[in-house]
Amino acid sequence: ASPCVAGPASQRPYTANVASRRTVYVYGAKGHGKVIAEMVLACGDDLAGFFDDGVAAGSPVLSSLVLGGFGALSSIPPGSLVALGIGANAVRERVA
C-alpha cells in the first residue's frame with residue numbers, strides 16, 4: 001500500500017488532483033522530520049513549515065522554514081494537519 005493513501009484510494013489521487021492536496025506542518029525539523037517532510041511532498045501535499053524547539057525560528061529546512069517551537073503550534077489554522085517528525089522514541093512519546 002502507498003504511504004500516500006489516507007482514506008479510500010479513489011478519493012486521493014494526489015499527484016493527479018491538485019484539489020486533493022493537503023497542507024501539512026511537521027513537528028520536528030531534524031533527520032526524521034526531514035524524512036516525513038519528503039513523504040509529504042512525495043504524496044503531492046503542501047509542506048507548510050516545521051516546528052522544532054531545538055532549531056531557531058526562521059531557519060531553512062528543505063523547501064520550507066522552521067516556524068517556531070511547540071508553543072507556536074497554536075498559531076496554525078484550526079483543523080491543520082501536523083505530522084510528528086521526531087525520531088527519538090522517548091521524546092516522541094512525551095510529545096504525542
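**Close-ups of salt bridges and ring pairs**

Arg21 is partly exposed, with a relative accessible area of 38%; buried here means under 20% relative accessible area, exposed over 50%, and partly exposed in between (1.4 Å probe, protein chains only). The model is predicted, so local features need pLDDT of at least 70 and side-chain atom pairs count only at pLDDT 80 or more, while totals for chains, interfaces and linings use all residues. Residues are numbered from 1 along each chain as its sequence is written, and side-chain values use heavy atoms, with hydrogens and water left out.

**View 1. Arg21 and Asp46 meet in a salt bridge.** A salt bridge is a side-chain nitrogen of Lys or Arg within 4 Å of a carboxyl oxygen of Asp or Glu. For Asp46 and Arg21, the N to O distance is 2.9 Å. Asp46 sits in strand S2 (residues 46-51) and Arg21 in the segment before strand S1 (23-27), so this pair ties together parts 25 residues apart in sequence. Helices (H or I, at least four residues) and strands (E, at least two) are DSSP runs, numbered from the N terminus.

**View 2. Arg22 and Asp45 form another salt bridge.** Their N to O distance is 3.4 Å. Arg22 belongs to the segment before S1 and Asp45 to the loop between helix H1 (31-42) and S2, so we're looking at distant parts of the chain, 23 residues apart.

**View 3. Lys30 reaches Asp52 in a salt bridge.** The N to O distance is 3.4 Å here. Lys30 is in the loop between S1 and H1, and Asp52 in the loop between S2 and strand S3 (60-61), which puts the partners 22 residues apart. Lys30 is partly exposed at 47% relative accessibility, but Asp52 is buried at 10%. The salt-bridge count for the structure comes to three.

**View 4. Tyr25 and Phe51 make a tilted ring pair.** Rings of Phe, Tyr and Trp (its six-membered ring) pair if their centres lie within 6.5 Å; planes under 30 degrees apart count as stacked, over 60 as edge-to-face and the rest as tilted. The structure has two aromatic pairs. In this one the centres are 5.7 Å apart and the planes at 45 degrees, so it's tilted. Tyr25 comes from strand S1 and Phe51 from strand S2, 26 residues apart. Tyr25 is buried at 11% relative accessibility, and Phe51 is buried at 1%.

**View 5. Tyr27 and Phe70 pair edge-to-face.** Ring centres are 5.9 Å apart and the planes meet at 80 degrees. Tyr27 lies in strand S1, while Phe70 lies in the loop between strand S4 (64-65) and strand S5 (81-84), so the pair ties together parts 43 residues apart in sequence. Tyr27 is buried at 6% relative accessible area, whereas Phe70 is partly exposed at 47%.

**View 6. The whole protein has two helices and five strands.** Along the sequence, the pattern goes β-α-β-β-β-β-α. Of the 96 residues, 32% are buried. Among contacts (heavy atoms within 4.5 Å) with a separation of 6 or more, 46% come from residues 24 or more positions apart.
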